[in-house]
Amino acid sequence: MPELPEVETVKNGLAPFMDGARISKVVLNRPNLRFPFPDQFKSELEGQVIGQLRRRAKYLIIPLASGQNMLAHLGMSGSFKINAELVEGANRKFVPLAALKHDHVVFEIEHPQKGRVDIIYNDPRRFGYMDLFAEEEKSPHFATMGPEPLGNQFSAKHLAQRFQNKKTPIKSALLDQKNVAGLGNIYVCEALYMAQIDPKRPVGDLVGKNGDPKKQLEVLAASIVDVLNQAILAGGSTLKDFKHADGELGYFQHRFKTYGREGESCLTPDCPGTISRMVQSGRSTFYCPNCQH
Ligand code: ZN
């Protein structure tokens, strides 16, 4: 399931083919994904020049010259494929790919340097969705969303303000998009493990009487940034090879330190513990009961 680092990697893979390109045609192979496409989806996109792709939380944002923005959420199984003139030289020519099962949307675009490019959205489980919005602050997707964990607004102090006097378990609080945007189950488990914090710990415990973050909350804020950046770095290294693999921009099986490692030895130096799994608010939490307090 794509989380923030995977969406960042997808954005970084698409940007060289989409930034500054013009959308010639949008082919919708069905009326909906998880939700119906907006009524004007095709007409708002066709003919538009694309600005600079960006990411907010787990959303990919494609700004258009009109001032509208297209938004894509990859759901559980969404992925983009790029079909472009990848071979340099005189024999370059564009050959459309045969449609595959679950290819739901095709963006035919014209890139100033790369020529015709098809960006194909495939999503077997169809939990992904696409929408249009004009202003981020007014969009229901973003209105109540907390700061980007990799942005300047995110800090231990911000978390302390949100967490003071609250009893929510830290695991659930980090998944709450109002506290911090874009964190999902995997990277919350990884960050809590790195910071050696018990996922059940009430958040108020991590805030001092004066409202300042305790040391552990500072370590946690830094760990969140670390695990995300490491995953983005790993995704970036896979991008170098992607052009040979049919242009597919997927997500990569990272090797996680705690997520999915139930019953295996804890990797913290000198910790004799074993990774356990428990269920919190319906989601699996992987943690080491020995070194996370
Ligand atoms: Zn441990």
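Residues are numbered from 1 along each chain as its sequence is written, and side-chain values use heavy atoms, with hydrogens and water left out. Because the model is predicted, local features need pLDDT of at least 70 and side-chain atom pairs count only at pLDDT 80 or more, while totals for chains, interfaces and linings use all residues.

The structure holds 17 of them, a salt bridge being a side-chain nitrogen of Lys or Arg within 4 Å of a carboxyl oxygen of Asp or Glu. One of them joins R56 to E136, with 3.3 Å between the closest N and O atoms. R56 belongs to strand β2 (residues 54–56), whereas E136 sits in the loop between β8 (129–133) and α3 (156–163), so the pair ties together parts that are 80 residues apart in sequence. Helices (H or I, at least four residues) and strands (E, at least two) are DSSP runs, numbered from the N terminus. R56 is buried at 12% relative accessibility, and E136 is buried too, at 18%; here buried means under 20% relative accessible area, exposed over 50%, and partly exposed in between (1.4 Å probe, protein chains only). R56 and E136 also take part in a network of salt bridges that links them with E8, K11, R54, R55 and E148.

Two further pairs are worth a look. E108 forms a salt bridge with R116, the closest N and O atoms lying 3.8 Å apart; E108 is buried at 18% relative accessibility, while R116 is partly exposed at 24%. In the pair of R277 and E262, the closest N and O atoms are 3.5 Å apart. R277 lies in strand β10 (residues 276–280) and E262 in the loop between β9 (248–249) and β10, so this bridge ties together parts that are 15 residues apart in sequence. Both partners are partly exposed, R277 with a relative accessible area of 39% and E262 with 47%.

Strand β2 brings the description to a sheet. Four strands form an open sheet in the order β2-β3-β4-β8, with antiparallel pairing; two strands pair if DSSP finds at least two bridges between them. β2 and β8 are the edge strands, each pairing on one side only. From one strand to the next, the twist averages 30°, taken between axes fitted as lines to C-alpha atoms (for helices over the stretch in contact), with angles running from 0 to 180 degrees between N-to-C directions. β4 (residues 69–73) and β8 pair in the antiparallel sense over five bridges, and N69 stands opposite F133 in β8.

Elsewhere, N122 is found in strand β7 (residues 115–122) and is buried at 13% relative accessibility. The side chain of N122 reaches the backbone oxygen of K101 at 3.0 Å and that of H102 at 3.3 Å.

Finally, the nonpolar interior. A nonpolar core is a set of buried Ala, Val, Leu, Ile, Met, Phe, Trp, Tyr and Cys residues joined through side-chain atoms within 4.5 Å. The largest has 32 residues, and F80, F107, I119 and M130 have the most contacts inside it. Helix α1 (residues 4–18) supplies the largest share of this core, six residues. Apart from it lies another core, of 30 residues, including F154, I186, L206 and V227.

Technical notes. A polar contact is a pair of N or O atoms within 3.5 Å; within protein, one must be able to donate a hydrogen and the other to accept it, and residues adjacent in sequence count only if both atoms are side-chain atoms.
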